[in-house]
Amino acid sequence: MQKFILMVIALLLCLTIYAQSSYIDELLFAAKNGDTDAQYELGRIYYEGKLVPRNLYEAVKWLALAADNGNSAAQCDLGWCYFKGEGIEKNAVEAARWWRIAARQGNPDAQYLYGWCLDNGYGVAENKTEAAQWYQKAANKGNSYAQNNLGFKYFAGEGVEQNYYLAVSWWLNAAEQGNSDAMYNLAVCYENGLGVPKNQQEAEKWYRIAQEQEKKTKGNLIVINQLKKSGIYYPSLESVTTPSTLTTELKSEKAKTSDESIEKAVSPAPISPKKPEAIEPQKPATPAPKVPIYPTTAEEMYEWGMKYYQGEGVPQDYKEAVRWWLMAAEKGDARAQYSLGICYKNGRGVEKDDKEAIRWYMLAAEQGEPRAQYNLGVCYKFGIGVPKDYDEAVKWYRLAAQQGHPQAQCNLGVCYANGEGVAKDLEEAYFWFSLAEVNGNKTAAENRALLEDELTEEQKERIKERVQKWIINR
């Protein structure tokens, strides 16, 4: 029985060897007759030492034939042989040349590698902009290394306009394919609030996943563009105020646009990409490209717009702020509608357009946004984008004032003091000036002082009690 089993095993081995030999013979026949796929496959077999003893010179011979006949995979692998000096003399110029030829045929691995050459001046003149373009082509086809490097480009502003949000989007794509460098980079972004809201828990998650992935893939293919946790200083981001508003004063009765200072976050210094480690040519499966993740709710869109408006964690970009606020405003977010009004009023990210500002103020004001109500009051008072209308001015001032808006309270007091849109009533003016003063409005305090001699002590005491009740009831 044992002899029979040994005989069966020996027979199977002979059949396997015969089948393998027959397969090689068939490949050789096809390759010698100009079949580029067979030439490429033979080159791979000789390079890897599968079915035949490993022979790098034979590998290069067949890869070169396939490459000359237009096989982009062979062109890419031949570039690797020149890069490593395996089976042929090492030659950076030839490596870059073959990767460029394959890249122009649409091979995503070659597009990534030629991008790397341009990025590092390997075999070609350094060109960061063109490098980013080739990374983009490969990234769109799902190459995770290109996605990681493209993310770095957007992070550092190399060859593209700096954009932390796009950096995060591409790193998410690469991370979902198991790229540990992209995972690490995501952790850095979440830890420092760069391109995403600051989230320590999310940062720790990506650090942990990156470490686990590195253990699985230790010694794997090219590793470049890794952001080091130590050695990069990320400045804390200053909080700033919301978009500017319009104000009026009793003394001058002129509308003013107060541009509040907006600070721009300092971008961290980029880390230079490392040159790739030597790796073997291979033909990885190309996964379908991932769709970048975007905020989906109106609230998230509004917050993203505010980040770009203020330069908080991303480069300050009014146009990008407007883009996000438009999406949020279309979903009915009153804050975004108000903010768009500010942008149109001041020409930030869009052409200055008072009428368009009024339209957005109105949409927000009708939803009860007090800042929009106040700005509408100013516009109607001074005829900014609309005909002058004191009645409308008072209407919107009052709605905002009743919600505690101090400038609206002050301006409503101005209307009562001058009899604009309402019957002149110094006692009512004094009341609204007093409320605005309590809420910190200095102009209201000055205006109230102007009326001190116009009212009796009894009137002022009555107003004081009214102010106290109003505050308590709120």
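**View 1. Charged side chains over tryptophan rings.** In this predicted model, the charged end of Lys 137 sits over the ring of Trp 134, 5.5 Å from its centre, where a charge counts as over a ring if NZ of Lys or CZ of Arg is within 6 Å of the ring centre and within 35 degrees of the ring normal. Arg 323 lies over the face of Trp 324, at 4.8 Å from the ring centre. Local features need pLDDT of at least 70 and side-chain atom pairs count only at pLDDT 80 or more, while totals for chains, interfaces and linings use all residues. Residues are numbered from 1 along each chain as its sequence is written, and side-chain values use heavy atoms, with hydrogens and water left out.

**View 2. The aromatic pair Phe 83 and Tyr 122.** Rings of Phe, Tyr and Trp (its six-membered ring) pair if their centres lie within 6.5 Å, with planes under 30 degrees apart counted as stacked, over 60 as edge-to-face and the rest as tilted; the count by this rule comes to 21 aromatic pairs. The rings of Phe 83 and Tyr 122 are edge-to-face, because their centres are 5.4 Å apart and their planes at 65°. Phe 83 is buried (under 20% relative accessible area, with exposed over 50% and partly exposed in between, for a 1.4 Å probe and protein chains only), at a relative accessible area of 9%, and Tyr 122 is likewise buried, at 11%. Trp 80, Phe 83, Trp 99, Trp 116 and Tyr 122 form one aromatic cluster.

**View 3. The aromatic pair Phe 431 and Trp 432.** With ring centres 5.0 Å apart and planes at 70°, Phe 431 and Trp 432 form an edge-to-face pair, and both residues are buried.
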